[in-house]
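Take it slowly and find each piece as it comes up.

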Amino acid sequence: MMLGGGATARKPIGRTTFHVAIVLSVCFALLAGAVGYWSVVEAPGLVTSPNDAAVINAARTVPRGAIKDRDGNVLASNKKDKNGESYRVYANRAFSQVVGYASNIYGRAGIELAYDAELTGLASDPVADALAKFGADRFDPKDVTLSLSSDLQKAAVAALGKRKGAVVMLDPRTGEVLALASTPTYDASAIANPDTARDAFAALQDDPAQPLLPRATLGRYVPGSVFKIVTAIAGLGSGAITPATTYKQQPAAEKTGLLVQGFRIRDGHHPETGSTPLDLVHATEVSCNIYYALTGLGTGGKALVDYAARLGFGQPLPFDLPTAASQVTNGGGSQPGGFTDDVELANAAYGQAETFVTPLQMALVAATVANDGELIQPRLVTALSSDRTGTRTVGPSSMGRVISPAAASSITDAMVQAVEGPLGRQFTTGAKVPGVTTAGKSGTAELGGTGEPHSWFIGFAPAESPRVAIAVLVEQAGRGAEVAAPIAGDLMARYLSSGP
Amino acid sequence: MTAPAAAPSRTPALPRLIGPIRPRPRWVELRLLLLVAAALAVGSISLNATVNGEFRLYDVQGIVIYVAGLLVAHLAQVLAGRRTDQILLPTAGMLGGISLLLMERLPQDLVTQSFFGTTLTLAEVQLLWLLIALGIATTIGIVVRSDSWLRRYKYTWAAAGVALLLLTFVFGTEVNGQRLTLDLGPISGQPSELLKVILVVFLAGYLSENRALLVEQDTRVGPLRLPPLPYLAPMVVMWAIALGIVVVQRDLGAALLFFGVFLAMLYVATGRFSLVIIGLILFVLGSALMATLFATIRTRVDIWLDPFSDPLGAGYQVVQALHAFARGGLLGVGLGAGLPEIGGRPPIPAVHTDFPLAALGEELGLLGVVAILGLFLVVVERGMRIGAAAADDFRSLLAVGLALVIGIQAFTIAAGNLKVLPLTGVTLPFISYGGSSLLANAVIIGLLLALSDKGVEPPPPPRVGSSRRWFRRGAAR
């Protein structure tokens, strides 16, 4: 008992002290909660952020995981500089747009950026992370395996040659991207090497050909006639047309052009088709603008935009690399779907007007038709592996059904006719894969003015059980049938002859 | 209140410096200290295993000297034979030991100080201060047997405190836009650290004297029932001083600490919740006003609201601290394995003063931080227990107030590290690098030890004397 406790009769302060103690305890509990919030809840995002000190530090000291193609060939490996810091070496310029670069000066691009945390060895599952802390080395760099075929990728870049353009090839059944070429390419090793980085990067930034731009995923182009496949999908899908639909305006309008609100839509195939009324297959074979303009008007702007959205239009595609959003219209108009008027809708239906697409998006259009109307998400990374944590594979995932298998089959017939039909062979030379039924559609995208049009081709093969879908774009190279189509034919033949 | 009819004497007994020595064993303290020594040894070995891959103590000399210091402090108290608290020393000692381990593991050239020709680096300086702090705490805990020197001269103390504050205002040097440091030749100190102790002494004296009045009398202002207004004068003065600190020192942390301790002690003494509410409203209004007037404070608030908007610029330290907690996760990366250095520097420049908790959060994880927060709560709990058991109001309020200083200060800086509150410049008691902070907290521990003595000399009888009458006259003017 305390001495002197009875000296004064006083109101005890124990009760109020207790209140204060409770308040302070609650405050400390709040702190504990805050620690938990940052170290557990928010931790996965923070520890993989490029601003994290460990990530910055690891980038300088820990060798990154390798990047490999589908056959295990190494596309990105490491070397050590004179200070002992490691830097990246890339196997071939053909992959630069996909693999990107990792530089301590200029940051990261491509897969090196998208999978930075995994390549650095910071991202893992929490259990493995907790165990890793007891080991001497806390970094667990993963090797990233891509679905790319080195052979196809190099062939695609070689086929584009000195022209600006893009090639996208993918397996329509799994979404695995086989080739993702953009030209011109650049030497990523020169950016990654600290000795040459500054000069190399400055030169690339000043280059008017924009070699740093991955055209296949971020380039947006007028599609021209390859967009007619989207219109066909929307027309059949919404029930606006059937494969047998013909228009009574045809063939009369073909001579002088179809007048839509004062705008005259013309065609050049009349001498060949004469007085035959064109259905879906034959209109596609000769790439009839009037047929597709009428189909677009019949389908309506809303349905056209909606079906395009099912194909991935309107927002960046879900992909391992950043992608640009493709559009049917810029959406500023008051008509359904955002079109200004019927003229814009009619023009958009055959890929002119305010329609802009990425080569990857058009490859997905072909792949959707090839895969019986179901869209499979495109992907590059198929596996992440390390000695410590083993291999994690990434499987295919569906982005949903766009049209019925029957409708897809009708469009396949039309696309086969466009490549193999008697008139299609004239319009689209060189796309045919020898000995294999080939489906496709060429496009010649008018840019207005005097410039040469963009040359397009999308297609797939074999038509009966497709194993590869392709989109080829060559900037300002002339007619699609003459430039893009032969490239596509060669590349598909190369793929189909090599593999099972 | 009834005073004993015959008070033995009005003349204050001089503190007896040396009494008869009757050693009294302190087994609880010894056992806890051995636990602390074991924990520090494990920590030091773990640090060495991570840094050098060797399975032995990281800094044999440092740890041995520190643990020896703790044991000497223990032995001194055993010899003194006082029946003081046995939990406080091991708890504060553990926090100090964690500080030593942390300072040993940070880049040593963060701090270099020259004393009489020898140059000491971070861990050495911190060890020196820790030992001095131990000495001060133990000395006060043993020697102080009477509190009359504190309670009698409370206005003198208050005046000294204000003078100290004014000195800093006038002669202080500015660091990071805050005027906190007073340079005295080779030694620089932060007077606001000592000021917080003086503040508690003054408040304990003032409130214990006027407690009955504050509790029992009312002034009605509309629907509110308030204590007699003249006695609220100190509250307004405190408010002004707190805001003055904010204005001149640009130090939100010290203002928050002072005002928080003041409000808590006011509540403990009076049990009036309305006072706390009014005080909080005044503080928030004042702070908001200051934030609109001063860019430095506004910047801090902006950083607090969204540090990630400028992660490499203004928000850098706060963001890096949050990253450090995130890297630590549940269990931490282990002592010595955290704080990846970028270009040879730790990612948080002020890690040893303002962000030790973030460093510990990374290396010891959520569990480690919770344990450290728990140690602070133990100190607070001991202080409050001592206060509740104390013989009179002054001692109660003094003990509770001193404990609150530690608790609120730890909360303020920890909350700043964790983006719960804006970051402020106060130190984490016992852990942050810095002599002023360690010495002030050592004084607090020493006073708590002395107050906890169950055999301490009885307090002097309450005085119905001069000071109260003086204040009434003053208030009536």
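Strand S16 (residues 454-461) and strand S17 (residues 468-474) of chain A run antiparallel and are joined by seven bridges. One pairing to look for is A:Phe457, whose bridge partner in S17(A) is A:Val472. Strands count as paired if DSSP finds at least two bridges between them, and the helices (H or I, at least four residues) and strands (E, at least two) are DSSP runs numbered from the N terminus.

A word on the source: this is a predicted model, where local features need pLDDT of at least 70, side-chain atom pairs count only at pLDDT 80 or more, and totals for chains, interfaces and linings use all residues. Residues are numbered from 1 along each chain as its sequence is written, while chains are lettered from A and ligands numbered from 1 in the order in which they are written.

Back to the strands. S16(A) and S17(A) belong to an open sheet of five strands in chain A, with the order S8-S7-S17-S16-S15 and antiparallel pairing. At its edges sit strand S8 (177-183) and strand S15 (439-445) of chain A, each pairing on one side only. From one strand to the next, the twist averages 5 degrees.

Angles here run from 0 to 180 degrees between N-to-C directions, and axes are lines fitted to C-alpha atoms, for helices over the stretch in contact.

| Strands | Residues between the strands | Residue with positive phi |
|---|---|---|
| S2(A) and S3(A) | five residues | A:Gly84, near 85 degrees |
| S1(B) and S2(B) | two residues | B:Phe116, near 50 degrees |

In chain A, five bridges join strand S2 (residues 74-80) to S3(A), antiparallel again, and A:Ala76 has A:Tyr90 as its bridge partner in S3(A). In chain B, strand S1 (residues 112-115) and strand S2 (residues 118-121) pair antiparallel over four bridges, with B:Thr112 partnered by B:Thr121 in S2(B).

How do the chains meet? In all, 58 residues of chain B are in contact (C-beta atoms, placed from the backbone, within 7 Å) with 41 residues of chain A. Helix H9 (252-270), helix H12 (316-328), helix H13 (356-389) and helix H14 (393-417) of chain B each supply at least two residues of the side of chain B that touches chain A. The largest share of that side, 12 residues, comes from H13(B).

Which residues of H1(A) and H9(B) meet? They are A:Thr16, A:Thr17 and A:Val20 in H1(A), and B:Ala264, B:Tyr267 and B:Val268 in H9(B). The axes of helix H1 (residues 14-41) of chain A and H9(B) come within 7 Å and cross at roughly 145 degrees.

How values were computed
Two residues are in contact if their C-beta atoms, placed from the backbone, lie within 7 Å.
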